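This briefing goes through one protein structure topic by topic. Please look at the sequence and the 3D view first, then read the points below.

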Amino acid sequence: MKRKLVMIGNGMAGVRSIEEILKRNREAFNITIVGDEPHPNYNRIMLSHVLQGKTGINEININGWKWYEDNNITLFTGEKVTEIVHEEKEIKTDLGRTISYDELIIATGSSAFILPVNGSQLEGVIGFRTVQDTEFMIETASRFKKAVVIGGGLLGLEAARGLMDRGMEVEVVHLMPSLMEQQLDAPAAKMLKKDLEAQGMKFLMEKQTTEIYGNERVEGIKFSDGTSVECDLVVMAVGIRPNIQLAKHAGLDVNRGIIVDDHMQTSIPSIYAVGECAEHNGITYGLVAPLYEQGTALAEYLTGAKTTGYQGSILSTQLKVAGCDLFSGGKIAEDDETDAIIVHDQFAGVYKKVLVANNKVVGVVLYGDASDGTRLFTMLKKETDISEFTSAAVLQKAGEDAVDEMIADMSADETVCGCNGVTKGTIVQAILEQDLKSFEEVKTCTKAGASCGKCRGVVEGILSHTLGDSFDPAAEKTGMCACTSLTRDEVVAEIKEKGLQSPKEVRNVLKFTNEEGCPACRPALNYYMRMVWPEEYEDDKASRFVNERMDGNIQNNGTFSVVPRMYGGTTTGDELIRLGEVANKYDVPLVKITGASRVGLYGVKKEDVPHVWEDLGMRSGYAYSKSLRNVKSCVGSRFCRFGTQDSLGLGIRLEKEIEMVDTPHKMKMGVSGCPRNCAEVLTKDFGVVCVENGYQLYFGGNGGTEVRECDSFITVKTEDEVIKIAKAYTQYYRETGIYNERTAPWVERIGAENIKLILSNENRNAELVERFNQAKNTYEEAWSSTLLNMKKKEMFEIVKI
Amino acid sequence: MMKTKEIVKIMKLESLPKQIGKEVHVGGESIALFHLSNGDVRAIGSRCPHTNGPLAEGIVSGEFVFCPLQNWKVSLITGEVQKPDDGTVPTYETKIIDGYVYIAV
């Protein structure tokens, strides 16, 4: 009969142990897991990425419900174990359930340590440990302005960066004089602080929190030196506290954590503990690598393998904050037994320190360029004798041989991707069994490198080591998508040279690996075809992303938005009345002035979309398209006492002349009536500032999440010249831009001076304008043409039976 | 337990464009119908297991559809979400009789 294995806790450490057990013997146990969070197992270390908006909350699940089902694991979520009765070998839960066991694993993890000061129970004061904490922080950031994070360690800094990404002002309070003092020495910590300050993070160093004040909600914090700071949110990231109450109550030996031996066994036989709740040789751990190692040790023991057990872990750390490349592992400070090799290039912002004792690496601190981290850390863990290495060679970028040797030396169960817990063995197995050839394929198949991406070098090393000479890392980096190794420029050149007439022909002739293409190349090829052959090529709706196929933005609940054209931001009383009437008639849940100064109707049901267009009787504002969205303008000389020219009239004209034509990405333009620049045109894809003697032109501004200020081009005398240059500029972007590349990165890539040169050349300029006009003639206003075409209209209908 | 299935007449095959999904509601169930480039007609549950994205609006490539919200790749034949993501959506048998599409529900 199968033994009954019960686990308390459904977190990373526990479930990793179960995975390791299933890998060794699927038939040994009937497994039951009880977890008090309402989710299946998720990757807690990715919560920083969720907070920073890089990942969705649903994307960090490690095992979905189906995994438990497929492995015959009984899972109780949202249920808390209240008692372990070890004499009876059973546990009791808060729902009154009693579950008996033969073997019991405690994997209760830890909780955020909340400072025992007055006010720590106020609303708006939390730790950063769980999905709920993360959701609470995201929600708070949407309503409040100012946050204080207590704790300048790894978690605190990641939380602070996330809250900044969510639009909050953040101050980090730290008790010590230097950040991440557990992992970084003073020079590295200083560089980190400088980089974070440049990103806008503020610090209050050497401050001890004495009180949190506020009525119901937190209003601020007081420090022991008598100073204080106001805030709307306090995140405590001052450490974790192992969850040991249950074990302690059951009579297990505990100290800071639950005391375990090398087989993760507690003081009572048949009860084991792993992860952050366990204390091994006096150490409790709060990072991912040790808990994976513990899981393996426990699995080996429970499935009867003869092993030496768990021997403790040497820790390494990387910070998941963009722009701060750091690695730390082992010791960080020199002492009597260690010598340090240090390279400190303050100019380049690079700091590297390797601590050596008895010809072995015992510590690594890297800042600014952490690419050697994995290699040096492997030497540390393997206790490689470095007497053959000159110190300079230790610090040089790894030569191919060194990387290859390091990868050859890695054992199969060594973790390569810490974010997703993928081992070298898993990667090698996937490469061999599924015939993988590229980093992208390994990423898709195993999730290694799918999160922060810092392990990419090692993954490529493993590919190279496993495949030998047949791996070519250069080949995969240049292709426009996973279907081809040709670049965008090569593909467009082939389309022109070979006269290719359809995306299908392109994929065939250019030997794309996927004959029907992928979601990356399908819309791109459709765009390039029409750009090259504006008059001959018929747009392929099936290759358009839903927004452009349906001429409305799809929203997160499957409804659509309708944003009509309002040239230059103008409308009329009649139009506003109609917008209101239509909004009421179709129960539109949100009417909002959009970011581009138009009225938008949000949450329109798919089947209502064409009727809404018909009733409005307005043109499409192309708020969903990769084309000109709008031209923002101020009222200019028509009403403003400072206006030098008719900026509104020029804005309307510009919008009419450029609208509807597909571009590689969306475009926004602006016209300001005077140098006060109310239309904020220096952050637009194309901007005009009207001055007494003409029009100053700018291009390549903003263009996405990286803020970029426009390049100044020239001042021209007439509106006609403005229109001409706008057209030539747009057409040059159309012809040389990579699909999905906004003008700011395009200008950086092509070079502002090159673009100025082309646009200033009268012949080139005239040709571009002509090709733009030719393309423009092939476009029809989207909504009215859909309403006239039965087939297109049918796309919105839902067949109901 | 055996569950008997009903064959339901949906629409004319000729009004189902190739490679563009069609949302169909049958007795409260939301189903996405696809006419593949090889001529096959496939039907799967129209909600992506990830964030409930409407699969009927996704880009179709070969025998796969890509969810329009977060790009999950779903097989139109098995209903399985492709790696590295996990999950399945229901699949429904389809038949073409006299130029009409039928689904077994």
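## Where the two chains pair

Lys800 of chain A has His25(B) as its bridge partner in strand E2 of chain B. Two bridges join E37(A) to strand E2 (residues 22–26) of chain B, and these strands run parallel. The model is a predicted one.

**Chain A as a whole**

- Chain A contains 28 helices and 37 strands.
- Of its 801 residues, 53% count as buried.
- Among the contacts in chain A with a separation of 6 or more, 62% are between residues 24 or more positions apart.

**The interface of chain A and chain B**

- Chain A gives 34 residues to the contact, and chain B gives 34 residues.
- About 2700 Å² of area is buried between chain A and chain B, and carbon and sulfur atoms give 56% of this area.
- Two salt bridges are found across the interface of chain A and chain B.
- In a salt bridge between Lys606(A) and Glu57(B), the closest N and O atoms are 2.7 Å apart.
- On the side of chain A that touches chain B, the elements that give two or more residues are helix H13 (439–446), helix H18 (521–532), helix H19 (546–549), helix H28 (790–794) and strand E37 (799–800).
- Sorted by class, that side of chain A has twelve nonpolar, eight polar and 14 charged residues.

**A three-stranded sheet in chain A**

- As a general point, strands of a sheet pair through backbone hydrogen bonds, either parallel or antiparallel.
- In chain A, three strands form an open sheet in the order E18-E20-E21, with mixed pairing.
- Strand E18 (258–260) and strand E21 (283–284) of chain A each have a single partner strand and stand at the edges, so one side of each is left without a neighbour in the sheet.
- Strand E20 (residues 278–280) of chain A is joined to E21(A) by two bridges, and the two run antiparallel.
- Glu279(A) has Thr284(A) in E21(A) as its bridge partner.

**A lysine inside chain A**

- Is Lys353(A) buried or exposed? Lys353(A) has a relative accessible area of 2%, so it is buried.
- Lys353(A) lies in strand E25 (residues 350–357) of chain A.
- The side chain of Lys353(A) reaches the backbone oxygen of Ile332(A) at 2.8 Å.
- Leaving aside neighbours within four places in sequence, Lys353(A) is in contact with several residues, including Asp185(A), Ile332(A), Glu334(A), Ile342(A), Gly363(A) and Leu366(A).

- Most residues other than glycine have a negative phi.
- Ser270(A) has a phi near 75°, which is a positive value in a residue other than glycine.
- Ser270(A) is in the loop between E18 and strand E19 (271–273) of chain A.
- Ser270(A) has 13% relative accessibility and therefore counts as buried, the cut-off being under 20%.
- Asn71(B), also a residue other than glycine, has a positive phi near 65°.
- The loop that holds Asn71(B) is between strand E6 (64–66) and strand E7 (73–75) of chain B.
- Asn71(B) has a relative accessible area of 46%, so it is partly exposed.

Definitions and conventions
Residues numbered from 1 in each chain as written. Chains lettered and ligands numbered in written order. Predicted model: local features only at pLDDT ≥ 70, side-chain atom pairs only at ≥ 80, totals over all residues. Heavy atoms only, no water. Pairing = 2+ DSSP bridges. Helix = DSSP H or I, 4+ residues; strand = E, 2+ residues; numbered from the N terminus. Contact = heavy atoms within 4.5 Å. Buried area = accessible area lost by both parts, 1.4 Å probe. Salt bridge = Lys/Arg side-chain N within 4 Å of Asp/Glu carboxyl O. Nonpolar A, V, L, I, M, F, W, Y, C, P; charged D, E, K, R; others polar. Buried < 20%, exposed > 50% of the residue type's maximum accessible area, 1.4 Å probe, protein only. Polar contact = N/O pair within 3.5 Å; in protein donor to acceptor, adjacent residues only side chain to side chain.
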